[in-house]
Amino acid sequence: MVMTWDTLLERREFTLKRRGRYLVAELALPHQVLSTSVVNGGQTEHVRFLLNHQSCEGAGHLDLHQLIVEIGYVGYHDRICADVGVPAEATVLMGTAANMNYAAVAADTDDEVEVIAVVTAGVEGNATCAGDPANWRETDAGMQKVPVHAGTINTIVLVTRPLTPGALARAAMTITEGKSAALQRLAVPSRQSMDLATGTGTDQFCIAAPAGGAGVRTSTSPHVKLGELIGRSVRQATQEALRWQNGLEPSYTRGVFHALGRYGIKEATFIEDIASLLDPPRVELLRKNIKALMYEPLVGAAAHALAAVLDRVRHGAVPASVQWEATVQHAAVLAANAAGRPDSWPVYRAALHRQAKDDPKSLVLAALALGWADKWRSDRFSN
């Protein structure tokens with residue numbers, strides 16, 4: 001059956017099309033292509049199709065993983081290319097659990113050079129920080145069967161001027177930095193450690209630039225305009241893709257759960273965790289109005305500030321000798337903002353010194369309980 005494609009973007013050098021679970025950039029001219037594709041990957045000049053596809057659902061879907069086990073990566077590559085109707089020998093392939101309808105396209109230009117970034121992204125199950133503990137090991141016998149993780153950032157970057165081999169390789173670094181900058185702006189947590197994520201464990205990319213012609217560019221460093229275009233377009237497209245795939249709008253990330261989830265403050269268990277610190281009527285009031293507390297702007301700001309302090313403590317930037325005082329001070333800001341009583345910061349600081357245990361989760365719970373208990377205290381209205 002012939003597939004009918006929706007054209008998303010068309011240039012002299014390429015056409016970007018989408019249909020169902022597939023998104024493809026068809027190169028109209030010979031290009032140098034650098035990619036992570038298992039088949040035709042690395043640096044090539046014979047590739048004409050950059051293909052991204054949804055290969056599975058985000059959780060509990062191992063059918064295509066099993067297919068790869070049975071027929072191998074080359075067989076799987078050929079199967080997908082046949083489904084799409086593109087020649088396997090001239091195609092690089094990326095796979096993801098992300099929906100192709102959420103693909104984000106960002107374009108930027110400078111001095112007759114254009115950069116187009118096309119990103120699909122998801123980080124809910126697979127976000128990681130470089131250097132986090134890994135789950136896979138490749139041996140001489142090959143890879144062991146592993147679970148499918150929900151989360152991949154796939155990036156296509158198309159540059160409309162030729163690049164030197166060194167500039168093509170440097171573009172891969174700039175793409176990675178742009179992707180990581182997007183995750184930093186959204187404070188995306190690693191799923192493997194207490195750090196903020198720099199990517200996911202299954203990220204892939206394709207970079208394409210014309211293979212010849214005038215106007216060869218020699219640098220894609222962020223210090224030059226072309227590197228700026230690559231970094232900015234990738235950052236913008238990554239943020240937009242995550243907005244649609246995972247609902248990660250900047251305003252959403254202001255909340256306490258997003259800021260301090262790495263330290264044990266989880267939405268699923270929060271009421272249960274804090275219940276022993278409040279009387280039953282206030283627990284019930286909190287249950288009915290939890291978003292009013294956890295997404296209140298000043299409470300969110302204090303939560304992010306406390307998370308930053310906790311990170312600096314873990315990484316040794318704050319001396320151990322002042323760790324407790326530094327965290328209690330910021331937890332007191334959290335309590336004061338939760339209560340709507342900023343002038344009472346010294347009272348909360350003193351109370352947290354007396355009440356809180358020396359671990360981040362207990363400290364945060366104590367601070368939020370103090371603030372919520374004080375917010376609607378009846379004697380406040382007589383002051």
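User: Which residues point one way from strand 7 and which the other way, and are they buried or exposed?

Analyst: The model is a predicted one, and the residues of strand 7 in it can be sorted by the direction in which they point. In a regular strand the side chains alternate between the two faces of the sheet. Strand 7 has T91, L93 and G95 pointing one way, and all of these are buried. Pointing the other way, and likewise buried, are V92, M94 and T96.

User: Why is strand 7 described as largely enclosed by the rest of the structure?

Analyst: A residue counts as buried when its relative accessible area is under 20%. Strand 7 is largely enclosed because the number of its residues that are buried is six of the six.

User: Where does strand 7 stand in its sheet, and in what order do the strands of that sheet run?

Analyst: The sheet is open and consists of five strands with mixed pairing. Strand 7 (91-96) and strand 1 (6-10) each have a single partner strand, so one side of each is left without a neighbour in the sheet. Neighbouring strands here are turned by 15° against each other on average, direction ignored. Strand 7 therefore stands at an edge, and the order is 1-2-3-6-7.

User: In what sense do strand 6 and strand 7 pair, and which residue stands opposite G95?

Analyst: Strand 6, covering residues 49-54, is joined to strand 7 over six bridges, and the sense of this pairing is parallel. The residue that stands opposite G95 of strand 7 is H53.

User: How far apart in space are G41 and L93?

Analyst: G41 is found in the loop between strand 4 (31-35) and strand 5 (42-44), and its relative accessibility of 28% makes it count as partly exposed, whereas L93 in strand 7 is buried. In sequence G41 and L93 are 52 residues apart. In space, C-alpha to C-alpha, the distance between G41 and L93 is 8.6 Å.

User: How many nonpolar, polar and charged residues are in the contact of helix 8 with helix 9?

Analyst: The axes of helix 8 (residues 297-314) and helix 9 (residues 323-339) come within 8 Å and cross at roughly 170°, and the two helices are therefore roughly antiparallel. Among the residues that meet are L298, V299 and L306 in helix 8 and A326, H330 and L334 in helix 9. By class, the contact of helix 8 with helix 9 has 14 nonpolar, four polar and no charged residues.

User: What share of the chain's residues counts as buried?

Analyst: The chain has eleven helices and 15 strands. Among its contacts between residues at least 6 apart in sequence, 73% join residues at least 24 apart. Of the 383 residues of the chain, the share that counts as buried is 49%.

Technical notes. Residues numbered from 1 in each chain as written. Predicted model: local features only at pLDDT ≥ 70, side-chain atom pairs only at ≥ 80, totals over all residues. Heavy atoms only, no water. Pairing = 2+ DSSP bridges. Helix = DSSP H or I, 4+ residues; strand = E, 2+ residues; numbered from the N terminus. Axes fitted to C-alpha atoms, helices over the stretch in contact; angles between N-to-C directions. Buried < 20%, exposed > 50% of the residue type's maximum accessible area, 1.4 Å probe, protein only. Contact = heavy atoms within 4.5 Å. Parallel < 35°, antiparallel > 145°, perpendicular 65-115°, else oblique. Nonpolar A, V, L, I, M, F, W, Y, C, P; charged D, E, K, R; others polar.
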